[in-house]
Amino acid sequence: LSRLLHPDKRRPGKERDAAQEAFIELTNAYEIIGNNTLRQAYDHFGHAGVSIVRHNLHQANSLFNHLAKLHEDGKSLEALRMLHSVLEDTELKKQQEKLEFNADINVDVHLCDINEASGIRRLEVKSTNVSMSAAVPMPRL
């Protein structure tokens, strides 16, 4: 199939471009099917799971390497749990990114000394300064 779809077997232009896309898709599928870590990610979480597992694929401390080690040790369920946890964290971070709008509220307080005719001194609050921020979900445009 890869020989049939290989872009080098096509004339330059749209035919080659279409063959290139099909060849990339085929190569991607072959890589996922041939790797326990990627296959588990795809089977449970689709392309999103594979994309996250592939991130920093060749770094020693990558998620892919951690999951692959668990698979090598026969701990597929533990690998699935780890992947699920990472995907939940990733989704939570995406949700938190939507909380971009910050509102500041300022109130000024000023204390005054009032001397009444009775001789009683009292302090009266005229204003204060309070600062507060709130994150509000805002739709992205």
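A salt bridge here is a side-chain nitrogen of Lys or Arg within 4 Å of a carboxyl oxygen of Asp or Glu. Keep in mind that this is a predicted model, where local features need pLDDT of at least 70, side-chain atom pairs count only at pLDDT 80 or more, and totals for chains, interfaces and linings use all residues. Residues are numbered from 1 along each chain as its sequence is written, and side-chain values use heavy atoms, with hydrogens and water left out.

**Stop one: the salt bridges**

The whole structure holds two salt bridges. Select glutamate 31 and arginine 54: their closest N and O atoms are 2.8 Å apart. Glutamate 31 belongs to helix H2 (residues 14-33) and arginine 54 to helix H3 (residues 36-54), so this pair ties together parts 23 residues apart in sequence. (Helices are DSSP runs of H or I, at least four residues, numbered from the N terminus.) Glutamate 31 is partly exposed, at 35% relative accessibility; that label covers values between buried, under 20% relative accessible area, and exposed, over 50% (1.4 Å probe, protein chains only).

Next, pick aspartate 73 and lysine 69, a salt bridge with its closest N and O atoms 3.2 Å apart.

**Stop two: the nonpolar core**

Now select Leu38, Val53, Phe64, Leu67 and Leu83, which touch the most other members of the 14-residue largest nonpolar core. Such a core is a set of buried Ala, Val, Leu, Ile, Met, Phe, Trp, Tyr and Cys residues joined through side-chain atoms within 4.5 Å. Helix H4 gives the largest share of this core, five residues.

Finish on phenylalanine 64: beyond neighbours within four places in sequence, its contacts (heavy atoms within 4.5 Å) include Asn35, Thr37 and Leu57.

Note on methods: Helices (H or I, at least four residues) and strands (E, at least two) are DSSP runs, numbered from the N terminus.
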